[in-house]
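I opened this notebook to record what I looked up in one structure. The entries follow the order in which I worked.

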Amino acid sequence: MDQQTYHRVYMMASWTLTCAAIICIFIDLEGFEAHAHSIVGLATFALVFVQPILGLMRPPQQQAQSAIRILHSLLGHAAYILAVTNMFLGVGLESAHISSEMYGLVGGALGVHVLAHIAFNVLEYLTSRKGSELDVNKDASAMFHHREKVVVDLRDKNAVINDKLSLSLTIYAPRLFTGSRLSSCAS
């Protein structure tokens, strides 16, 4: 599977889970409570909801395609940043009855993601300085064990890793924060 297919599969799974989560939240809370966590959550949901539409837009003009691609990328990053921010806001909610130790767990997960992102970007930069590319289909460890030129497109690898991390945050974050609170959606 190529990077674009991975991206589509992971992002559609993330989109589906986000839509299901917002429905479960409204069912469980029986409406909307206005506070920072819920407002940021709805803004995040709105951005996540329009992402597939922007991703599928293919206007005929090259300039319009570039603008849509840039907008899709910016909104995707904004949605991710808002989602992570909202996880921290959720820990601070008194009504959620979440231990403040969760700040450490969420911070640790975020730290691992940031370190992986930095490592892939540094590797991409170092590879581009040498004038070679990295091959997604080769094991990255081969670069360090063999002195031959290895072709890897790190942008593809980085995007796949980010998609996997985004999907795992989408799946596991609600379990960490809610415990059994969303039991009304399971039944």
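The entries below move from the whole chain to single residues.

**Entry 1. Ground rules**

I noted that this is a predicted model, in which local features need pLDDT of at least 70, side-chain atom pairs count only at pLDDT 80 or more, and totals for chains, interfaces and linings use all residues. I number residues from 1 along each chain as its sequence is written, and side-chain values use heavy atoms, with hydrogens and water left out.

**Entry 2. The whole chain**

I looked up the secondary structure and found seven helices and zero strands. Helices (H or I, at least four residues) and strands (E, at least two) are DSSP runs, numbered from the N terminus. I then recorded that 27% of the 187 residues in the protein chain are buried. Buried means under 20% relative accessible area, exposed over 50%, and partly exposed in between, with a 1.4 Å probe and protein chains only. For contacts (heavy atoms within 4.5 Å), I took pairs at least 6 apart in sequence, and 60% of these join residues at least 24 apart. The protein chain exposes about 12,300 Å², with carbon and sulfur atoms supplying 65% of it. Such areas come from the Shrake-Rupley method with a 1.4 Å probe; for residues, only the protein chains shown count as cover.

**Entry 3. The record**

I consulted the unreviewed UniProt entry, which annotates "transmembrane region" at residues 9-29, 35-56, 68-90 and 102-123. Its positions are given in the numbering used here, feature names are shortened, and annotations may be inferred rather than shown by experiment. In the model, residues 68-90 are 100% helix and 0% strand, with end C-alpha atoms 32 Å apart. Residues 102-123 are also 100% helix and 0% strand, and their end C-alpha atoms lie 32 Å apart.

The buried residues of H3 are Ile68, Ala79, Val84, Asn86, Met87, Gly90 and Val91.

Which residues form the largest nonpolar core? I listed seven: Val84, Met87, Val91, Ala96, Ile98, Met102 and Val106. Helix H3 (62-91) and helix H4 (102-130) each supply at least two residues of this core, and the largest share, three residues, comes from H3. A nonpolar core is a set of buried Ala, Val, Leu, Ile, Met, Phe, Trp, Tyr and Cys residues joined through side-chain atoms within 4.5 Å.

I also checked Phe88, which lies in H3 and is partly exposed at 23% relative accessible area. Leaving aside neighbours within four places in sequence, Phe88 is in contact with Tyr103, Val106, Gly107 and Leu110.

**Entry 4. Aromatic pairs**

Rings of Phe, Tyr and Trp (its six-membered ring) pair if their centres lie within 6.5 Å; planes under 30 degrees apart count as stacked, over 60 as edge-to-face and the rest as tilted. I counted four aromatic pairs by this rule. Why is the pair of Tyr6 and Tyr10 stacked? The ring centres of Tyr6 and Tyr10 are 6.2 Å apart and the planes are at 10°, so the pair is stacked. Tyr6 is partly exposed at 28%, whereas Tyr10 is buried at 17%. The rings of Trp15 and Phe49 have centres 5.5 Å apart and planes at 35°, so this pair is tilted. I noted that this pair links distant parts of the chain, with Trp15 in helix H1 and Phe49 in helix H2 (residues 36-56), 34 residues apart. Trp15, Phe45 and Phe49 form one aromatic cluster.
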